[in-house]
Protein chains: 2
Amino acid sequence: MDNHSYTFSQRANRLNSSVIREILKLTERPDMISFAGGLPAPYTFPVEALQSACASLFQDHAHASLQYGPTEGQMELREWIAQRHGTTASRVLMTTGSQQGLDLLGKVFIDPGSKILVETPTYLGALQAFTLYEPSYSSIPSDDFGLLPQELTPELADGARFIYTIPNFQNPTGRRIPLNRRHELVAQAKELGILLVEDDPYGELSYSGDHLPSLHSLNPDDVIYLGSFSKILAPGLRLGYIIAPEAIHLKLVQAKQATDLHTPSFTQRIAYEALRSGLLDSHLPIIRQRYSAQCQAMLEALARHMPDGIHWSRPEGGMFIWLELPEDMDAEDLLQKAVAHSVAFVPGAPFYASSPHRNTMRLAFVTVPPERIEQGISVLGQLIRDQLSIGYKTGSF
Amino acid sequence: MDNHSYTFSQRANRLNSSVIREILKLTERPDMISFAGGLPAPYTFPVEALQSACASLFQDHAHASLQYGPTEGQMELREWIAQRHGTTASRVLMTTGSQQGLDLLGKVFIDPGSKILVETPTYLGALQAFTLYEPSYSSIPSDDFGLLPQELTPELADGARFIYTIPNFQNPTGRRIPLNRRHELVAQAKELGILLVEDDPYGELSYSGDHLPSLHSLNPDDVIYLGSFSKILAPGLRLGYIIAPEAIHLKLVQAKQATDLHTPSFTQRIAYEALRSGLLDSHLPIIRQRYSAQCQAMLEALARHMPDGIHWSRPEGGMFIWLELPEDMDAEDLLQKAVAHSVAFVPGAPFYASSPHRNTMRLAFVTVPPERIEQGISVLGQLIRDQLSIGYKTGSF
């Protein structure tokens, strides 16, 4: 048998190595100013608290932390989460990062051809997770404040399995859905009998520390909530969770058991040990303050270096700024040039489920020191100006 | 919208809460003598070594351990594994337990209706993982030494995506495929152009410490190998791996990225810190010696308490004994009675992909102290005798 004689599944044949992923491998070069990664800044990791948590775990619960555990997750951690979200532990399932939550939702809700509604644009990782289950996507028109409830028509909703949304500081745009629109969205979804899936990795990263009510809190029986500790503790623990109505929770637990039995007992217990002491009360303000300053540094650099006609979002939280180039400029072309000048970002096109806007791009600002932000944005500004002047020349001759 | 108006996927509709799982929840009662769980014995966990590994991790690699990592896994750990298996790290993908390896294989190879070949009986958890992708199973006839290569006919192999086998101390039977049969199996699979999937969680648990060559070592290009640290370090870390030819590895990595981005950096680095010091050289003999003694205790208790006509396997490694009741006796009925007497085991029927033998059962012997093994087997022996005498009476009137 030669290496090509085995037969992959249909879904596997649709998996492709992304061109962007290949380009972004270059961003690991130490000289690169990378606005590409969605990584939280390592200076926000509560190393000492996690170290103490580890020590007390080995002291008091070594065997339990190292043994198999329940598929649903470690009970104390589930109770902690439930209390924070005003629900019961019986609705909480621990997942290996919230990316796994997306995979489990795909498993449990998506048949080939099932309609799924997403924002415009939406999170690339969710598209990757769902696409393995071969849905058909419909994009809900959205503006600078997120998806537009009035665009959620009966025709669009008809037969759709769920609506996927990131209401807080969305990846990739940084935008947040305002309160009145949250109420409208939840009411409209209820009216149309369609489930909402609320993905909320950035909700705690509001720079002012304010919170808008989650969609889940507005209607716990028709909203599935995905939470994550990646941006508020550390992503290397790979800890997320799904809060869902009992009947859906039960299916998710069965799917989770078949998928990996359970999320590591060890990392769950470390997180619980760290959280139970009230770590977040002191830790979240530190992250918020740092990320706010980083965001401000990039906004100021953009104002200084970008030519007219370039637009960008002004996030009130989270990790990303969304930038729109002139309509005929392609962000993938710009990335090729930028990487040659040791600057990287993620082009926006892959974040669209359909009709990609190729003139868009995502800038992550949390890991790069302010002076390097200034330098990187200056390079991008110059490349865009160069491009504009070529376009001008081409147009004028 | 009421709680029943959402639409699950076809695969989710096929997920059912198992009756056995419900019965086995009772086994958590402290008075229960449980031969049911597939859990390794906590006394085998190398707690001190893992504790030191943790401490040195926080000392030297705190940020890297807590940050996102590559989808393929942590490079040093992959290299350690590759060296142990005589392959290259470029073929090694870290997974969240080897259960996740099974899920990824399902994702990448199984379309609805795809034919998959399995042993008779086979591992229940593999059936659970694969079934989510809706294959059609064919069982390869097997004997006390595992699957029979001569039964792997062209008709059976035709169109099959892969053969799934546990050659070492199989779950549930405890049997091991002998060397000559391994050669025959690998040759026959190659002749028929069919992939082998070799699941090997128990290979290091040979009581004598001997090793038979893995199927993978006999033909690395046509055998996918699933490894696990659950039985030799600790299952709560949820660490497994897949070794696969490059083209398959690439698809598995893409599927893994969509599924959970990567296995926790933190647990991978703890394992590597513990393993690099040569922990297994001193640790494996301890596990083997303990498990061998436990197995011996159960074999002796079975010899003492089981009536004539009951057969059981005599494993040379691993964690399980397989027991066959008289043909007309149902192990699920026996379980109901046994649980009422505070003894539990797993009935064998769910381990068959087709035509279940309802008179079979799996006994795990590693977690129960020898005096409780004696007591539990004595109860089972008595219940079986009672049943036989009722059968006799019923037959005689």
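A word on terms before the first click: two strands pair if DSSP finds at least two bridges between them. Helices (H or I, at least four residues) and strands (E, at least two) are DSSP runs, numbered from the N terminus. This is a predicted model, in which local features need pLDDT of at least 70 and side-chain atom pairs count only at pLDDT 80 or more, while totals for chains, interfaces and linings use all residues. Residues are numbered from 1 along each chain as its sequence is written, and chains are lettered from A and ligands numbered from 1 in the order in which they are written.

**Stop 1: an open sheet in chain A**

Select β11, β12, β15 and β14 of chain A; in that order they form an open sheet with antiparallel pairing. Now look at the edges: β11 (311-312) and β14 (346-347) of chain A each have a single partner strand, so one side of each has no neighbour in the sheet. Zoom in on β14(A) and β15 (residues 360-364) of chain A, which are antiparallel and joined by two bridges. Pick Val346(A) and you'll find its bridge partner in β15(A), Arg362(A).

Next, click Ser355(A), in the loop between β14 and β15 of chain A. Ser355(A) isn't a glycine, yet its phi is positive, about 40 degrees. Most residues other than glycine have a negative phi, and most peptide bonds are trans. Is Ser355(A) buried or exposed? Ser355(A) is exposed, with 8 other C-beta atoms within 10 Å. (For the labels: 20 or more other C-beta atoms within 10 Å of a residue's own make it buried, 12 or fewer exposed, and anything in between partly exposed, with C-beta atoms placed from the backbone.)

Ser342(A) is another non-glycine with a positive phi, about 65 degrees. Find Ser342(A) in the loop between α14 (331-340) and β13 (343-344) of chain A; with 17 C-beta neighbours inside 10 Å, Ser342(A) counts as partly exposed.

**Stop 2: two domains in chain A**

Colour chain A by domain: domain 1 is 17-38 + 281-396 and domain 2 is 47-277, with bounds from an automatic or database domain assignment. Their C-alpha centres lie 27 Å apart. Where they touch, 23 residues come from domain 1 of chain A and 24 from domain 2 of chain A; two residues are in contact if their C-beta atoms, placed from the backbone, lie within 7 Å. On the domain 1 side, α13(A) gives the most, with six residues.

**Stop 3**

Select Asp200(A), in the loop between β8 (196-199) and α10 (215-218) of chain A. It has 21 C-beta neighbours inside 10 Å and counts as buried.

Then jump to Pro121(A), in the loop between β3 (115-118) and α7 of chain A. The peptide bond from Thr120(A) to Pro121(A) is cis, with omega near -10 degrees.

**Stop 4: over to chain B**

Chain B has a cis peptide bond to show as well: Asn171(B) to Pro172(B), with omega about 20 degrees. Pro172(B) sits in the loop between β7 (160-165) and α9 (179-192) of chain B.

Now pick β2 (residues 92-95) of chain B. Val92(B) and Met94(B) on one side and Leu93(B) and Thr95(B) on the other are all buried, which leaves both faces covered. In a regular strand the side chains alternate between the two faces of the sheet. Four bridges join β2(B) to the antiparallel strand β10 (residues 240-243) of chain B, where Ile243(B) is the bridge partner of Val92(B).

**Stop 5: both chains at once**

How many residues does each chain bring to the contact? Chain A and chain B each bring 64. On the chain A side, α11(A) has the largest share, eight residues. A rotation of 180 degrees with 0.0 Å of shift along its axis superposes chain A on chain B (RMSD 0.0 Å). That is the relation of a two-fold axis.

Technical notes. Least-squares fit on C-alpha atoms with pLDDT ≥ 70 in both.
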